[in-house]
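Colleague: I've got the model open on my screen and I'd like to talk it through with you. Can we go element by element?

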Amino acid sequence: MKKKQYSTTQIVGILREAEAGGNTAETCRKHGVSPLTFYAWKAKYRGMDVSDAKRLKELEQENARLKRLLAESALDNAALKDLLGRKW
């Protein structure tokens, strides 16, 4: 089964709809989302506006990119130490 991808605006909209309507199970069924996913979204995006949620997503992507760069530089550093540490 294909996994649905929801944008941050859609997620925030679904959460707002559940807050206004009050029935979580009905909202989940309407949008085809499991309650577990709904509560994970609620934990992550609670009280955010659409702009805040988009900014959070951008920061997470930037953080992942910086972590990759750090891992690559650490790997290069270890390779250079290994190469220079050998006796010729």
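Colleague: Which residues of helix H3 are buried?

Modeller: Keep in mind that this is a predicted model. Helix H3 covers residues 35–45. Its buried residues are Phe38, Trp41 and Tyr45.

Colleague: How wide an arc do those residues cover around the axis?

Modeller: Phe38, Trp41 and Tyr45 are the buried ones. They sit on the same side of H3, because the arc they cover around the axis is only 65°.

Colleague: And which exposed residues are on the face of H3 turned away from the buried side?

Modeller: The buried side of H3 packs against helix H1 (8–21), helix H2 (24–31) and helix H4 (50–85). Turn to the face pointing away from that buried side, and the exposed residues there are Leu36 and Ala43.

Colleague: What comes after H3, and which residue there has a positive phi?

Modeller: The loop between H3 and H4 holds Arg46, for one. As for the positive phi, near 75°, that belongs to a residue that follows H3, namely Gly47.

Colleague: How many aromatic pairs turn up in the whole structure, and what kind is the one of Tyr6 and Trp41?

Modeller: Searching the whole structure gives two aromatic pairs. For Tyr6 and Trp41, the ring centres are 5.3 Å apart and the planes stand at 75°. An angle over 60 degrees is what the label needs, so this pair is edge-to-face.

Colleague: How many residues apart in sequence are the parts that this pair ties together?

Modeller: Tyr6 belongs to the segment before H1, while Trp41 is in helix H3. Trp41 is also buried, at 13% relative accessibility. The pair therefore ties together parts whose separation in sequence is 35 residues.

Colleague: What about Phe38 and Tyr39: at what angle are their ring planes?

Modeller: Phe38 is buried, with a relative accessible area of 2%, whereas Tyr39 is partly exposed at 43%. Their ring centres are 5.5 Å apart. The pair is edge-to-face, because the planes are at 80°.

Colleague: Over to H1 and H2. At what angle do they pack?

Modeller: H1 passes H2 in a right-handed crossing. The two axes are 9 Å apart, and the packing angle is about 145°.

Colleague: How many residues of that contact are charged?

Modeller: From H1 come Ile14, Glu17 and Ala18, and they meet Thr27, Lys30 and His31 in H2. Sorted by type, the contact has two nonpolar residues, two polar ones and, for the charged group, two.

Colleague: Is Thr8 buried or exposed?

Modeller: Thr8 is in helix H1. Leaving out residues up to four places away in sequence, Thr8 touches Tyr45, Ala53, Lys54 and Lys57. Its relative accessibility is 7%, and the cut-off is under 20%, so Thr8 is buried.

Colleague: Last one: how far apart in space are Ala25 and Phe38?

Modeller: Ala25 is in helix H2 and counts as partly exposed, at 40% relative accessibility. In sequence, Ala25 and Phe38 are 13 residues apart. In space, C-alpha to C-alpha, the distance between Ala25 and Phe38 is 9.5 Å.

Definitions and conventions:
Residues numbered from 1 in each chain as written. Predicted model: local features only at pLDDT ≥ 70, side-chain atom pairs only at ≥ 80, totals over all residues. Heavy atoms only, no water. Buried < 20%, exposed > 50% of the residue type's maximum accessible area, 1.4 Å probe, protein only. Helix = DSSP H or I, 4+ residues; strand = E, 2+ residues; numbered from the N terminus. Arc of directions from axis to C-beta. Contact = heavy atoms within 4.5 Å. Phe/Tyr/Trp six-rings, centres within 6.5 Å; stacked < 30°, edge-to-face > 60°. Axes fitted to C-alpha atoms, helices over the stretch in contact; angles between N-to-C directions. Left-handed = near helix turned anticlockwise from the far one by under 90°. Nonpolar A, V, L, I, M, F, W, Y, C, P; charged D, E, K, R; others polar.
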